[in-house]
Amino acid sequence: MDVLNFIQNLLGDSFGKVVAVCKGGSWLYTKDKKVKICIPHFKPLKEGQKLESKLSLDLLEEEVLFVETDKGIVIKDGTDYRFFPKGTFKMVWKNLK
């Protein structure tokens, strides 16, 4: 999907391969489809790595709430974004029907 490729190009390879992107309006984009979701509850278990300000501004402009990668998650934190490797956070998901 074009959204995944666009975000992958913004992030580069340092955070892993983009698997899913959640943008404003609670739309989750995956390789195969776009679905409406409830925003998951995010609980950090450790401090996340703050992204550089230019990259945070680019993601903010695209209304990105979070990006799931094969290495972890990039998530919005105010006007900044942080990367949390797998195992350093928990998420609780609920689907909208």
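Colleague: What makes lysine 23 count as buried?

Modeller: This is a predicted model, in which local features need pLDDT of at least 70, side-chain atom pairs count only at pLDDT 80 or more, and totals for chains, interfaces and linings use all residues. Residues are numbered from 1 along each chain as its sequence is written, and side-chain values use heavy atoms, with hydrogens and water left out. Lysine 23 has a relative accessible area of 16%. Buried means under 20%, exposed over 50% and partly exposed in between (1.4 Å probe, protein chains only), so lysine 23 is buried.

Colleague: Why is the meeting of glutamate 62 and lysine 23 called a salt bridge?

Modeller: Their side chains come to 3.5 Å, N to O. A salt bridge requires a side-chain nitrogen of Lys or Arg within 4 Å of a carboxyl oxygen of Asp or Glu, and therefore the pair qualifies. It links distant parts of the chain: glutamate 62 is in the loop between α2 (53–61) and β6 (64–69), lysine 23 in strand β1 (residues 18–23), 39 residues apart. Helices (H or I, at least four residues) and strands (E, at least two) are DSSP runs, numbered from the N terminus. Glutamate 62, at 24%, is partly exposed.

Colleague: How do you know that aspartate 80 and lysine 50 tie together separate parts of the sequence?

Modeller: Their side chains form a salt bridge of 3.5 Å, N to O. Aspartate 80 lies in strand β8 and lysine 50 in strand β5 (residues 49–50), so the bridge joins parts 30 residues apart in sequence. Both are partly exposed, aspartate 80 at 24% and lysine 50 at 48%.

Colleague: Which residues are joined into one salt-bridge network?

Modeller: Aspartate 77 bridges to arginine 82, with the closest N and O atoms 2.9 Å apart. Salt bridges that share partners join Glu47, Asp77 and Arg82 into one network. Arginine 82 is buried because its relative accessibility is 18%, whereas aspartate 77, at 39%, is partly exposed. The structure holds five salt bridges.

Colleague: Why is the aromatic pair of phenylalanine 42 and phenylalanine 84 called edge-to-face?

Modeller: The whole structure contains three aromatic pairs. In this one the rings are 5.0 Å apart, centre to centre, with 65 degrees between the planes. Rings of Phe, Tyr and Trp (its six-membered ring) pair if their centres lie within 6.5 Å; planes under 30 degrees apart count as stacked, over 60 as edge-to-face and the rest as tilted, so this pair is edge-to-face. Both residues are buried, and ring pairs link Phe42, Phe84 and Phe89 into a cluster.

Colleague: What makes lysine 34 a charge over the ring of tryptophan 27?

Modeller: Lysine 34 lies over the ring face, 4.5 Å from the ring centre. The criterion is NZ of Lys or CZ of Arg within 6 Å of the ring centre and within 35 degrees of the ring normal.

Colleague: How do you know that the buried residues of α2 share a side?

Modeller: They are Leu55, Ser56 and Leu59. They cover an arc of only 100 degrees around the axis, which puts them on the same side of α2; the arc is that of the directions from the helix axis to the C-beta atoms. Ser53, Lys54, Leu57 and Glu61 are exposed on the other side. The buried residues are covered by elements including α1 (2–11), β6, β7 (72–77) and β8.

How values were computed: Contact = heavy atoms within 4.5 Å.
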